[in-house]
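I opened a new page for this structure. I plan to look things up one at a time and write down what I find.

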Amino acid sequence: MAMAMARAMARGRLMSRFGSAAINAFGFGRERAFSAMGSEAVAASVASSPAAHMMESQALMQCEHQHSAHNYHPLPVVFSQAKDVSVWDPEGRQYLDFLSAYSAVNQGHGHPKIIDALIQQAQRLTLSSRAFYNDKFPSFARVVTELFGYDMMLPMNTGAEGVETAMKLARKWGYEKKGIPKDEAIIVSCCGCFHGRTIGVISMSCDNDATRGFGPLLPGHVKVDYGDAHALEKVFKERGDQVAAFLFEPIQGEAGVIVPPDGYLKAVRELCSKHNVLMIADEVQTGIGRTGKLLACDWEKVRPDVVVLGKALGAGVLPVSAVLADTDIMLCIKPGEHGSTFGGNPLASAVAIAALEVVQEEKLAERSAELGEEFRGYLRDVQQLHPDLVKEVRGRGLLTAVELNPTGLGPVSAFDICMALKEKGILAKPTHETIIRLSPPLTIRLEHLRLAADSLQEILECGIEKLRLDAKSQAPQNLPEPCDRCGRHTCR
Ligand SMILES: Cc1ncc(COP(=O)(O)O)c(C=O)c1O
């Protein structure tokens, strides 16, 4: 009720600001923000030497460009400090984080409880390797399995490692339990999927940039259209005896926050059970409250056979991933067959326990569900005013996408809009040419969401002509090429 009233008020404000050319940064003063961070010294130094600090971001970006591989295309913002939903650059400019490191920072930057757990543990023991036991990992294993309702977990570090682990587990299960002939196991995955960047994982990718020049890719994969249970059934009917697993994202994040049709997850569950195929949910991005439930699969009350967690399991503090499964599946992997030096390390274990406690104590999943609805309401108001520019607003919880209309936008891309949002203190990252993904920390407040919607509205209202002129004056962008795998321009 309170939320609905707040939204109505916000709508009023959104409307009253329409047409206003005045572009305000959001309402926190820099001084206040820095004193909240306990960083008056930095603020003072910014004030006394603005020119020198103006160089700082530029110099840092240049240094990185010179000495690091060019494997990303970042927005030109340098993170220097962060607290909860706010980020500061070296010059003291404050931004709101609407990416959360691709949903790794669900609990907000530098959550005191999680940082405290990190410090306490770092002072005691950081690494044993699993050549020995340590006194923290058992608690992590118990907490995570009890919370998500599985018998066992296998700890890793990054999301891609978690997915690789699930794939290996599925193959092993396929041979040992399902009786798939040696080296014939197939893992079915979805067009448009994103599961990370290792060779095993990109072997399922539809992204030409991720695959071209990195062949030969691994055999043993078949692709189906995402969200199409009939297509999955066809594959299972044709090749079911060889299929060990169906690996999927309950909502495709990198593809542009693609929410499957209602009933899809249930249909997948039924098909996997019927054909004795492991249902593997990659919840690396969607899990741990991001979509408004603890797991995105909970939206259809579906229990996958295997769940992969990552990102927010380490709360943006440390890389922590885990694969969850029941004993009959997990024990297909025997000692010496899989592992990682850092997987299950006591430092990561302490952080992950605190990360999960914070999600529960602060009811972050529930918060995400409510705030996400409100946010999409604000964004749909913007869409109503600019139906020529905004094609769709979609998502679940605080995993939201604004898909722009390329015809209306002309040469302006989602990246250009994100650059304009940055100027207003909102940090978001495009996915593909026309989609802006908005996934702030789950601790964000309503007024921040309102501000982001206001900012987008102002850009579309007042800034779009300038963006069009700027985009026209730049070299023409390459048109997206069709997918090497399926020949389509979009795997959706
Ligand atoms: C669904 C999904 N799976 C796996 C990964 C890979 O995680 P990492 O970058 O930690 O390897 C990502 C990263 O964005 C992801 O979104």
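This is a predicted model: local features need pLDDT of at least 70, side-chain atom pairs count only at pLDDT 80 or more; totals for chains, interfaces and linings use all residues.

**Around the ligand**

I sorted the shell around the ligand by class: five residues are nonpolar, seven are polar and three are charged.

I then asked how many residues surround the ligand. The count is 15. The closest are Gly159, Ala160, Gly196, Val284 and Gln285.

Which helix gives the largest share of the shell? I found that helix 8, residues 159-178, supplies three residues. That sent me to helix 8 next.

**Helix 8**

I checked the length. Helix 8 has 20 residues. From its first C-alpha to its last, helix 8 reaches 26 Å. At 1.5 Å a residue I would expect 28 Å, and the value is close to that.

Is helix 8 mostly covered or mostly open? I counted 14 of its 20 residues as buried, so helix 8 is mostly covered.

I looked just past the end of helix 8 as well. Gly179 sits there and takes a positive phi of about 80°.

I went back to Gly159, one of the residues closest to the ligand. Gly159 is in helix 8. Is Gly159 buried or exposed? Gly159 has 27 C-beta neighbours inside 10 Å, so I logged Gly159 as buried. Gly196 is also among the closest to the ligand. Gly159 and Gly196 are 37 residues apart in sequence, yet their C-alpha atoms are 6.8 Å apart in space.

Ala160 is in helix 8 too. I found 20 other C-beta atoms within 10 Å of Ala160. The cut-off for buried is 20 or more, so Ala160 counts as buried. I then took a distance to Ser321. Ala160 and Ser321 are 161 residues apart in sequence, and 8.8 Å apart from C-alpha to C-alpha.

**A helix pair**

I turned to helix 6, residues 112-122, and helix 14, residues 346-361. Their axes come within 9 Å. They cross at roughly 160°. Helix 6 is therefore roughly antiparallel to helix 14. I also checked the hand: the crossing of helix 6 and helix 14 is right-handed.

Phe342 lies in the loop between helix 13 (327-330) and helix 14. Phe342 has 20 C-beta neighbours inside 10 Å, so Phe342 counts as buried. Where is Thr126 relative to Phe342? The two are 216 residues apart in sequence, but 9.6 Å apart in space, C-alpha to C-alpha.

I searched the backbone for exceptions. Most residues other than glycine have a negative phi, and most peptide bonds are trans.

Asp84 has a positive phi of about 55° although it is not a glycine. I placed Asp84 in the loop between strand 1 (81-83) and strand 2 (86-88). There are 19 other C-beta atoms within 10 Å of Asp84, so Asp84 is partly exposed.

Lys311 is not a glycine either, and its phi is positive at about 40°. The loop between strand 9 (306-309) and strand 10 (321-325) holds Lys311. Is Lys311 buried or exposed? I found 27 other C-beta atoms within 10 Å, so Lys311 is buried.

Which peptide bond did I note as cis? The bond from Gly215 to Pro216 is cis, with omega near 0°. Pro216 lies in the loop between helix 10 (208-211) and strand 6 (221-224).

**One last residue**

I finished with Arg239. Arg239 is found in helix 11, residues 229-239. With 14 other C-beta atoms within 10 Å, Arg239 is partly exposed. I then took the distance from Arg239 to His275. The two are 36 residues apart along the chain, and their C-alpha atoms are separated by 9.9 Å.

Terms used: Residues are numbered from 1 along each chain as its sequence is written. A residue is near a molecule or strand if its C-beta atom, placed from the backbone, lies within 6 Å of it. Helices (H or I, at least four residues) and strands (E, at least two) are DSSP runs, numbered from the N terminus. Ala, Val, Leu, Ile, Met, Phe, Trp, Tyr, Cys and Pro count as nonpolar, Asp, Glu, Lys and Arg as charged, and the others, Gly among them, as polar. The expected span of a helix is 1.5 Å times one less than its number of residues. A residue is buried if 20 or more other C-beta atoms lie within 10 Å of its own, exposed if 12 or fewer, and partly exposed in between; C-beta atoms are placed from the backbone. Axes are lines fitted to C-alpha atoms, for helices over the stretch in contact, and angles run from 0 to 180 degrees between N-to-C directions. Angles under 35 degrees count as roughly parallel, over 145 as roughly antiparallel, 65 to 115 as roughly perpendicular and the rest as oblique. A crossing is left-handed if the near helix is turned anticlockwise from the far one by less than a right angle, and right-handed if clockwise.
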